[in-house]
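I opened my notebook to look up a few residues, one after another. Here is the model I worked from.

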Amino acid sequence: AAGAEPTGPGGATYSVDFFELDEGEVVAFVPVPRGTAATAGVESVVLPAGRFAVGLHVGSFEEFDRTYGALGTYVAEHATSTPDPIREHYLVGPDQTDRPADLRTELCWPVTQFPSHDRRTP
């Protein structure tokens, strides 16, 4: 609506309460160039930089729990989680394909650090 071209894939952030209490804040976003004017009903925000454990979910949204489970297990065993929102980046979304097997979603779990003995990428 603002006339700006997206600078990357759209996504959403999900507060911890969304996962733990089935309530909480969800923010859908489309990245646009800094300085793009907000339009009616749309807020312009800057997502803060951070450190994330990242997992790639391939396939339908109905199977997200498996990827989230694997990523959550990795974080519990190898990192220190933060209460910041989890991010999803829809690399290939339903607007780009009608085949669920072709969907690609990057799951980004915020962490403070990985232990010094485990600096590999998840």
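Which residues gather in a patch of negative charge on the surface? I found Asp17, Glu20, Asp22 and Glu23 there. Patch members have over 30% relative accessible area and no salt bridge, and like charges are joined within 9 Å. A salt bridge would be a side-chain nitrogen of Lys or Arg within 4 Å of a carboxyl oxygen of Asp or Glu.

I noted that this is a predicted model, where local features need pLDDT of at least 70, side-chain atom pairs count only at pLDDT 80 or more, and totals for chains, interfaces and linings use all residues. Residues are numbered from 1 along each chain as its sequence is written, and side-chain values use heavy atoms, with hydrogens and water left out.

Next I took Asp17, which sits in helix 1 (helices are DSSP runs of H or I, at least four residues; strands are runs of E, at least two). Asp17 is partly exposed because its relative accessible area is 37% (buried is under 20%, exposed over 50%, partly exposed in between, with a 1.4 Å probe and protein chains only).

Then I checked Ser15. Ser15 lies in the loop between strand 1 (11-14) and helix 1 (16-20). Its relative accessibility is 17%, so Ser15 counts as buried. Beyond four places in sequence, Ser15 touches Glu23, Gly24, Glu25 and Pro85 (contact means heavy atoms within 4.5 Å).

Ala28 counts as exposed because its relative accessibility is 67%. Setting aside neighbours within four places, I saw Ala28 in contact with Gly11 and Ala12. Arg87 is 59 residues from Ala28 in sequence, and their C-alpha atoms are 9.7 Å apart.

Key:
Patches are made of residues with over 30% relative accessible area and no salt bridge: like charges are joined within 9 Å, nonpolar side chains (Val, Leu, Ile, Met, Phe, Trp, Tyr) within 5 Å. Accessible areas come from the Shrake-Rupley method with a 1.4 Å probe; for residues, only the protein chains shown count as cover. Lys and Arg count as positive and Asp and Glu as negative; His and the chain ends are not counted. The place of a charge is taken as NZ of Lys, CZ of Arg, CG of Asp or CD of Glu.
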